Every structure is written in C-alpha cells, then in structure tokens.
Amino acid sequence: MSTMDVQVKLEAILSRENLIAAWSAVKANDGAAGVDGKTIDGTWVHLQKHWDGIREKLRSGTYRPGAVRAVEIPKASGGSRLLGIPTVQDRLIQQALHQVMSAAFDAQMSRHSYGFRPQRSAHDAVTAARGYVAEGKVWVVDIDLKSFFDQVSHDRLMHLLGRRIEDKRVLALIGRYLRAPMQHPGGRLEPRSCGTPQGGPLSPLLANLYLDPLDQELERRGVAFVRYADDIALFAASERAAQRMLGSVTAWLSTHLSLVINEQKSGVSRSGTSKLLGFCIHESGEVGPAPSALKKLKERVRQLWDARQSVTTEQLRTNWLRYIQGWWNYFAYANKRTKLRRLSGWIRRHMRKCFWLRWHNRRGRYRALFRLGVRGRALGVAGCRRGAWAMAINVVVNTALRTETLNQYGFIIPWELAG
C-alpha cells in the first residue's frame, strides 16, 4: 500500500460533524468514569465550558491525555484481563480519531480480518472458516497471542502509522495516548512503554493496524485464514502442512512484530475438535456451540438461578432474559443444536429448584402451589423434606411449573421457541 493513499488530518478529526458523531457513540456506549471521576453528564457540562481551550491545545500539540484507570475483569477462560479506562473526555477524542482513521484505512485492510470493523462480524469469520473446511482444509492452526494488547510495540506501531499518516500532529496525539500512564487502585501511576490496553475506542483499531502486516504476509503465502482481532485460525489440508504453518508463523510474529504465542492455547487440531469464536465447525459443515461455550452457559445458569440472591421475581426474570437473549442472539448462528437442546430440561430444573427454595417453607410452598393450580392431596408435597434438586423433578412441582407456565411468565429458553 502506498504511504500516500489516504490522508488523516487533524482538521477532519476536530470537525463539528465528526465530533458530534463521536459524542453520540461515546454516550451510547456509556461506561464508567475515568480517573477524573467525571460521568458522561459531568463531562458534557465540562466540555461546554472548556472545549474551545481543549481544541486549541489539540491543534497546538500541547494537549496531554489523562491517565487511564486500571480495571481487572475476569476472563471466560480463567484469570483476569486488565482494562484501561480513559476519561470520558479522552474517549471522545479517541472516538473522533477512530472514526476518521477507520474510514481512511478500512477498505485497504485484509478481507480476512473481521474483528472491530464496520459491516463485519464474528459470524462472518465463522462463515469464511466453514468455507475452508468445506474445501477439505480440515486441519486448523489456532494461534493465541500471549497478552497481545499488553505486548504491542509502540515503536513498531508508530512506524506502521507513520507510513499511513502524514499529519505529524495526529501521530503525536496517538503517541501520547499510547504512553498515557495506567493508574491503579490507590493512585499508583504505572508508566507505559508498550501495549495498547483494551478499554478505549482507539485500541481495537490500533490492534488491527498492528496485525495488518501479518494479514498481508499470510495472503502473500496463499494461506487460508481468518482473524478476529487477536484470534487467528489458519486452515490446511494436512496435519503436516498445518504444523509447518504453526512453526513459520510463530517465527514470523516474533521477528516482525515482536509477538509471542501462548503455546498452551496454540496448536494444531482437526476442525471438529477446534473452536473459533465460541463455535465448533464440524467437518460435515455443521456448526455448534463449542464445549467451552456450553460450559460457560451452565456456569451462568447456576449463578442466575441461585435462590440465595436477594432479588424479586421480576428482577430474576429481567436478569435471565438479559443474559439468555444476548447469548442466543450470538449462538443462534449454530445449526447443530443437539447438545444445546439437551440442556433445556437441566435449565428448567434449576428454575424449579430456585422457586422451590424461594417459597421458603411448608406454608409458602402450599400457597404457591395452590396459586399455580395444584389441588387436593397433591398439595401435601409442600411438606416434603427431600432436597430442592430432587423436588425440582417431582411430578407435582413439574406440573405446577410446567414449561408452558414458565414461558408464560417470561422464563423462556429461546432455542426451544425458535424451533
């Protein structure tokens, strides 16, 4: 790509139209306050008073971003991920940068890259992978980059950006965002000489730009691959070819991008035993949720249907629907649902167990069962001393809380309703 193909100018970044769109995006994403403690509304008040001065500092090159607030969140695979939350003001400026840079560079990026790009999704990446498997490339090279967002070389990244961006003011501003210190709980400031921590609007785009040379190299070699941010999968027709790819790409990443792979999470396997973005692509062409995705679903079901929660029935329903509908919106892509359907009865058993415990005692259970239409001698089950898990499959409890009743009250299992 020519270094002069596109122009990213500070004037475009600070244009009224771009800033209005950036503020709308930041406001829609909401999110926590940064180190200055200012919320979305508080920042809006601040910007109305001080934006002229902030804009002048950006134009003159004297603007200094605030520190990013360090926040650790649990990872689905275990452990934790460190996020860096910029102030809302810096999120606005980063979003304005992102919009102009993305518009300028996206069309020139690899068609095999799907993460954090307009009009592209994880499902598109899985669809492309299915195409490779259908062609007989059933050996998958999974490449997991070790702490990728923390290991990005600032020097290499700025060199790559310097080949694309002429405006030195923009480059200097991006450099200051990369070097903004991390503020840990207690106020300790940690200088940063590498990495682009997740949490700000600019980080995903910078990550894609950093890995674009890898995409170009794989295309040059004629490798079948998909990349979603730092999730990379290569496809080959034989195990031998796949092993060669793993070795050569590992060496290339180390030499050209100073990146190390996680050897425990990287390797070669048949497509049916590999996973991509939460899905398992079978050699038959069918796609199902990966075992790890189903395991995570089960863990969340146990949490959401824990009767010890201090929540109302309405909150219980709201929490369940928010989670399960979001989960299903993503995994409805799967057309192999046998294992998922087997979980339906297990999930409803957790629901019934939860309600049985929330009815507390014999009197509460008698009244609840009566409200649900149980009559006569069957009401005697209210005094049963068996455990809640066992009572969840009791015929009377199952009749009172039949599937239709649970659905009626909003305690649905969406893949069953989808048919």
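Modeller: A residue is called exposed when its relative accessible area is over 50%, and buried when that area is under 20%. The model discussed here is predicted.

Biologist: Is His 360 buried or exposed?

Modeller: His 360 lies in the loop between helix H13 (338–358) and helix H14 (362–371). Its relative accessibility is 62%. The cut-off for this class is over 50%, so His 360 counts as exposed.

Biologist: What is the phi of His 360?

Modeller: His 360 is not a glycine, yet its phi is positive. The value is about 70°.

Biologist: Where is Ser 258, and what is its phi?

Modeller: Ser 258 sits in the loop between helix H10 (239–257) and strand E8 (267–270). This residue, too, is other than glycine and has a positive phi. That phi is near 55°.

Biologist: Which accessibility class does Ser 258 fall into?

Modeller: The relative accessibility of Ser 258 is 35%. Buried would require under 20% and exposed over 50%. The value lies in between, so Ser 258 is partly exposed.

Biologist: Is Asn 208 buried or exposed?

Modeller: Asn 208 belongs to helix H9 (residues 203–221). Its relative accessible area is 1%. Because the limit for this class is under 20%, Asn 208 is buried.

Biologist: With which side chain does the side chain of Asn 208 make a polar contact?

Modeller: Leaving out residues up to four places away in sequence, Asn 208 touches Met 109, Ser 113, Gly 115, Phe 116, Arg 117, Arg 227 and Ala 229. The polar contact between side chains is at 2.9 Å. The partner is Arg 227.

Note on methods: Residues are numbered from 1 along each chain as its sequence is written. This is a predicted model: local features need pLDDT of at least 70, side-chain atom pairs count only at pLDDT 80 or more; totals for chains, interfaces and linings use all residues. Side-chain values use heavy atoms; hydrogens and water are left out. Helices (H or I, at least four residues) and strands (E, at least two) are DSSP runs, numbered from the N terminus. Buried means under 20% relative accessible area, exposed over 50%, partly exposed in between (1.4 Å probe, protein chains only). A polar contact is a pair of N or O atoms within 3.5 Å; within protein, one must be able to donate a hydrogen and the other to accept it, and residues adjacent in sequence count only if both atoms are side-chain atoms. Contact means heavy atoms within 4.5 Å.
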